Amino acid sequence: MEIIVKQTEHELAEVAADAIQDLVERKPDAVLGVATGSSPLPIYRELGARVKAGTMSLARAKAYQLDEYVGLPADHPQGYRNFVEREFVAITDIESRNVHGENGQAQDLIAECARYEQEIVDAGGIDLQILGIGVDGHIAFNEPGTSLGSLTHPAVLTEQTRRDNARFFDGDITQVPTHALTQGVGTILRSRTAVLIATGANKADAVAAMVEGPVTSLCTGSALQLHPNVKILLDEPAASKLKNLDFYREIFDRRPEGTWLGL
Ligand code: GLP
């Protein structure tokens with residue numbers, strides 16, 4: 001794991017955007033994995049700014065969502081497809097038709113998950129997966145107890161997650177869906193590169209468990225310890241409970257020249 005700590009969200013977003021820019025310069029039709037939640041928003045805004053400035057383009061890129069709520073009407077603003085349209089597609093030059101997600105209104109949810117997993121495989125797999133982390137250490141909607149080998153599957157959301165996400169539903173937990181379709185931990189581990197962003201003191205325990213705790217389904221983010229190429233982007237409050245923080249800074253400062261991030 002490469003741990004990168006910066007002072008501001010904007011600096012973290014620049015690191016992630018540099019990685020994405022480097023990827024699409026080498027491979028214009030790259031496949032991105034896009035996360036929802038508030039943490040990745042600065043990354044999408046930085047990508048939007050670069051596209052607007054004409055310094056990068058996502059015109060040939062594809063994107064796959066991590067997850068989608070089950071049962072929300074197609075036009076619900078908090079549906080993850082609509083979130084991705086608003087916060088990512090609308091502000092970059094990626095084509096809406098090249099952005100894909102699970103259909104949370106499918107009749108047969110298990111068949112829909114199998115179809116989606118295969119669609120990602122057929123697209124050549126995800127080159128770079130953007131991730132956030134929940135306060136209980138979940139990635140995508142892989143709640144505690146989810147198999148670390150899981151592929152895309154229907155999931156039941158914990159009360160904690162629904163409480164956390166109630167802020168997007170007028171603060172009313174009863175409006176937050178109880179189920180979602182989500183890429184599995186195993187799906188995420190298949191991505192070639194993963195970039196996880198976490199900011200704020202409320203993520204410090206989850207970050208410490210993910211980076212320094214045991215690999216356990218009780219904190220599905222900890223499975224990223226098995227990922228061959230994962231970057232963890234943190235601000236100081238989110239990094240504050242890492243025991244080996246000084247060493248991670250030293251690793252970053254002494255990184256070999258020409259490493260992927262080049263920073
Ligand atoms: C939801 C999403 C996750 C996201 C998490 C944290 O549970 N399914 O992908 O990482 O929220 O969201 P935030 O970044 O808003 O804290």
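Figure 1. On a 1 Å grid over the protein atoms alone, a cavity is a set of points where a 1.4 Å probe fits but cannot get out, a pocket is an open set with protein on both sides within 12 Å along at least five of seven lines, and lining residues have an atom within 4 Å of a point. The structure is a predicted model, in which local features need pLDDT of at least 70 and side-chain atom pairs count only at pLDDT 80 or more, whereas totals for chains, interfaces and linings use all residues. Residues are numbered from 1 along each chain as its sequence is written, and side-chain values use heavy atoms, with hydrogens and water left out. By the grid rule there is one cavity of 30 Å³ or more, and the largest cavity holds about 40 Å³ of space, a volume being the space filled by probe spheres set on the points, with grid points joined across faces, edges and corners. The lining of the largest cavity consists of Met1, Glu2, Ile3, Tyr248, Ile251 and Phe252. Helix 9 (245-253) provides the largest share of this lining, with three residues, and strand 1 also supplies at least two; helices (H or I, at least four residues) and strands (E, at least two) are DSSP runs, numbered from the N terminus. Five of the lining residues are nonpolar, none is polar and one is charged, where Ala, Val, Leu, Ile, Met, Phe, Trp, Tyr, Cys and Pro count as nonpolar, Asp, Glu, Lys and Arg as charged, and the others, Gly among them, as polar.

Figure 2. Seven strands form an open sheet with parallel pairing, in the order 1-10-9-6-2-3-5, two strands being paired if DSSP finds at least two bridges between them. At the edges of this sheet are strand 1 and strand 5 (99-100), each of which pairs on one side only. Strand 1 (residues 2-6) has four of its five residues buried, with buried meaning under 20% relative accessible area, exposed over 50%, and partly exposed in between (1.4 Å probe, protein chains only). Five bridges join strand 1 to strand 10 (residues 230-235) in the parallel sense, and Ile3 stands opposite Ile232 in strand 10. Elsewhere in the sheet, strand 2 (residues 31-34) and strand 6 are paired in the parallel sense over two bridges, with Gln129 of strand 6 as the bridge partner of Gly33.

Figure 3. A three-stranded open sheet has the order 4-8-7, with antiparallel pairing. Strand 4 and strand 7 (153-156) are the edge strands, each pairing on one side only, and neighbouring strands of this sheet are turned by 30 degrees against each other on average, direction ignored. Strand 7 and strand 8 (residues 179-182) run antiparallel and are joined by four bridges, with His153 opposite Thr182 in strand 8. Helix 4 (residues 109-122) lies across strand 7 and strand 8, and runs at about 125 degrees to strand 7; axes are lines fitted to C-alpha atoms, for helices over the stretch in contact (heavy atoms within 4.5 Å), and angles run from 0 to 180 degrees between N-to-C directions.

**Figure 4. The largest pocket.** Helix 5 (residues 159-165) contributes the largest share of the lining, three residues, and the lining as a whole divides into eleven nonpolar, eleven polar and five charged residues.

**Figure 5. The second largest pocket.** About 190 Å³ of space lies in the second largest pocket, which is lined by 14 residues, with Glu68, Ala74, Arg81, Gly104 and Gln105 nearest its centre. Strand 4 (67-69) and helix 3 (80-87) each supply at least two residues of this lining, and helix 3 gives the most, with three. Five nonpolar, six polar and three charged residues make up the lining.

**Figure 6. Two loop residues with positive phi.** Most residues other than glycine have a negative phi. Ala140, which is not a glycine, has a positive phi of about 50 degrees and lies in the loop between strand 6 (128-131) and strand 7. Asp170 has a positive phi near 55 degrees and lies in the loop between helix 5 and strand 8. Ala140 is buried, with a relative accessible area of 10%, whereas Asp170 is exposed, with a relative accessible area of 70%.
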